[in-house]
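Work through the exercises below with the sequence and the coordinates at hand. Each task is followed by a stepwise solution.

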Amino acid sequence: MNFAEHLMALRRQRGWSQEELGSQIGVTRQTVSKWEMGQSTPELEKLVELSRLFGMSIDRLVGLEAVGERHDPWEEPVHRTGARSYGIFYEYVSPVKVFSLPLVHVRLGYGPQVAKGIVAIGNLALGVVAIGSCSLGVISLGGLCLGLLLALGGVSFGLIALGGLAVGGFAAGGCAVGQWLAAGGGAFSNYLAIGGGAWSRGVAIGGSAFGHIAVGTNEAQGTFSYLRAYGYHIEDVWRTVKEAFPHMWSWVRDVIQWALG
């Protein structure tokens with residue numbers, strides 16, 4: 001397959017028009033059309049951009065590499081083991097770029113498909129907003145997430161983390177570990193922990209509470225312990241909390257009231 005045929009096949013595989021392909025490498029639709037008709041060939045700089053865009057060497061792009069040595073990304077060759085290598089089955093790269101990154105990059109398929117963009121969606125996603133099985137970004141969503149601001153996923157790490165296992169400044173999940181606030185089935189925090197089991201160096205509120213100030217429905221252990229069965233009054237407990245932690249959030253009073261019954 002010569003370069004013109006190869007370029008046309010690659011473009012069509014990704015569902016791009018000639019204009020869309022051209023916008024991603026800074027040329028006109030007419031230029032792409034001439035390349036695909038064999039009337040002209042790209043200069044070296046554009047060949048480099050095309051090779052990066054399609055994820056292959058220049059030799060392979062222009063047809064100098066033997067066809068049998070590798071498979072094109074749209075092919076599904078059957079190996080001797082019977083396994084299939086599907087490659088990328090969908091990719092979208094926004095023509096709009098910010099700081100050399102595409103505004104939107106979607107890269108989905110079998111295997112570790114990496115998407116990089118301001119908004120990145122892929123098996124592995126890196127972006128300001130990252131969505132994927134594994135994601136890294138300012139805002140991150142997925143199975144395994146690392147978010148500088150917000151992380152939401154099965155396992156999450158971030159300033160605000162929500163997930164089955166959540167670790168962050170503010171964390172909520174099945175198991176939550178938070179610097180300032182942790183809420184979940186098991187909650188661990190330096191400042192405030194709320195959960196079925198709550199452990200905190202500050203205030204712990206939950207079914208079983210262990211902390212400097214512990215408020216529990218079933219068990220409470222701490223320097224100041226308040227158990228529901230003993231009928232403590234909310235004003236007395238809240239006064240103790242505010243004396244020890246003057247900046248404690250006001251809504252915590254309602255949570256304590258609930259725990260005391």
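The model is predicted: local features need pLDDT of at least 70 and side-chain atom pairs count only at pLDDT 80 or more, while totals for chains, interfaces and linings use all residues. Residues are numbered from 1 along each chain as its sequence is written, and side-chain values use heavy atoms, with hydrogens and water left out.

**Exercise 1.** Determine how α1 and α4 are oriented to each other and which residues meet.

Step 1. Helices (H or I, at least four residues) and strands (E, at least two) are DSSP runs, numbered from the N terminus. Helix α1 covers residues 3–13 and helix α4 residues 44–54; their axes come within 12 Å and cross at roughly 40°. Axes are lines fitted to C-alpha atoms, for helices over the stretch in contact, with angles from 0 to 180 degrees between N-to-C directions.

Step 2. Angles under 35 degrees count as roughly parallel, over 145 as roughly antiparallel, 65 to 115 as roughly perpendicular and the rest as oblique. α1 and α4 are therefore oblique to each other.

Step 3. Contact means heavy atoms within 4.5 Å. From α1, Phe3, Leu7, Leu10 and Arg11 meet Leu47, Leu50 and Phe54 of α4. By class, this contact of α1 with α4 has 6 nonpolar, no polar and 1 charged residues (Ala, Val, Leu, Ile, Met, Phe, Trp, Tyr, Cys and Pro count as nonpolar, Asp, Glu, Lys and Arg as charged, and the others, Gly among them, as polar).

**Exercise 2.** Which element supplies the largest share of the lining of the largest pocket?

Step 1. The lining divides into 6 nonpolar, 3 polar and 6 charged residues.

Step 2. The largest share, 3 residues, comes from α4.
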